[in-house]
Amino acid sequence: MTTSSNATGLHAVVDWPVRAAALAEELAAVGKLASAAWRAAVESVPRHMFVPSFYVRRDGRMVAVTAADPATRTEWSEQVYANTALVTKIGQDEAGGPPMFLSSSSTPGLMTRMLEALDVRDGARVLEIGTGTGYHAALLCHRLGDEQVFSVDVEPDLVDTARARLAELGYRPTLVAGDGAAGLVAHAPFDRVIATCSVPAIPLPWVEQTRSGGVILADVRVGLAAGNLVRLTRTAPDRAEGMFDAGQAAFMELRHAPGAGERMSYARRSDDLPVTRSVTTLDPRTPWSNPVVWFLTALRIGGHYRLGYAGVDSRNGPDAVSITTPDGSRAEITLAVIDGEHIVAESGPVRLWQHLEHAHRQWEQAGRPSWPRLGLTVTTDHQSVYVDEPGNRLAVLTGRQ
Ligand SMILES: C[S@@+](CC[C@H](N)C(=O)[O-])C[C@H]1O[C@@H](n2cnc3c(N)ncnc32)[C@H](O)[C@@H]1O
């Protein structure tokens, strides 16, 4: 996707200051932007300069919406100052599956919520993991000054483009291409580390490279819809601790190399596997619709799974929910209730529904906590999720850092 400099220049959206101010007003109205300093940043940074084009799904295909194409320019100029995430880089895996999202400009309201949660002071040195378009780095530069801002992305072309766009606006933060899981040791220590991609566990270099009392803000996500933002304070050289956020976030995964991410292959469904049948009083939709229970479940069954409905019939709809993991394990739980019970059918090496029920019981025994009662301890030995106090351990993160 290419765009002419005319189309991407400041004059591509003549009234951008009005639109940026309207975006700031909208974010303030929905409680995502409270501080004057961050409001000034949103009003002053032209987002359209960082997102001259983005992708949308249309008729099952990803198509470009760009400033350079007269047919899409109006749509582009409207979306680019909307409180919405915009996909800016896609890739194809070797198997030729559906396109994978490699980069996006995150939802502005999520960015400002995170920036405010970061609680920066003048003079703070901030490391951002996931430069992407460079827009978020520009907000940081506006607030703190270029010297204080460091940003890394695994995609070298994104870093080059972001550097050029930032320079066009007079911002010159330190941008580096590489795996942000390693942090940026040459520029450490930092007062704040903020990740705009999700991680299955906190990479230890982030803790090591944060000053004592400094903050790490990241989306800990162990699988589809299973995780949330956590704000950690470094309390000792090898320890960080803190609570999960009340809201929700869903960032794309950190990848350790440029290009398409990992795509799991799933064992073919086999009707020959022995099936274990049982009954449950737990509505099978409950664990899915409760993000904390689902997080605890995903920690037990691993990060890769598919959730779906079984027996979908256009007239009668689904008759069961299903969960499948790559090793060929499958659980199907009927939606219908007979004498207060649903029927469970499990096959394959792992009894998935049993894990779900266990996670649900654990959550009930812990007093049905929502996200803000959950915390995370990160040490060199382990990363564990607790309820209310670090001593009340609920689960352990085992994801590759
Ligand atoms: C949601 S986008 C970031 C949005 C960005 N902050 C912006 O303002 O446009 C997530 C970014 O994380 C990057 N990423 C993924 N794995 C990474 C890694 N190991 N190190 C650094 N960046 C990574 C992706 O390439 C992508 O650009």
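Visitor: What makes H7 mostly covered?

Guide: In H7, 9 of its 10 residues are buried, where buried means under 20% relative accessible area, exposed over 50% and partly exposed in between, with a 1.4 Å probe and protein chains only. Among the buried ones are Tyr135, His136, Leu140 and Arg143. The model is predicted, with pLDDT of at least 70 needed for local features and 80 or more for side-chain atom pairs, while totals for chains, interfaces and linings use all residues. Residues are numbered from 1 along each chain as its sequence is written, and side-chain values use heavy atoms, leaving out hydrogens and water.

Visitor: What follows H7?

Guide: Glycine 145, with a positive phi near 100°.

Visitor: Which helices and strands each supply at least two residues of the lining of the second largest pocket?

Guide: H7 (135-144) is one of them, and the others include helix H6 (108-118) and strand E8 (190-199). Helices (H or I, at least four residues) and strands (E, at least two) are DSSP runs, numbered from the N terminus.

Visitor: How is the lining of the second largest pocket divided?

Guide: Into 16 nonpolar, 16 polar and 8 charged residues. Here Ala, Val, Leu, Ile, Met, Phe, Trp, Tyr, Cys and Pro count as nonpolar, Asp, Glu, Lys and Arg as charged, and the others, Gly among them, as polar.

Visitor: Why is isoleucine 338 called exposed?

Guide: Its relative accessibility is 54%, so isoleucine 338 counts as exposed. Isoleucine 338 sits in the loop between strand E15 (330-334) and strand E16 (342-347).
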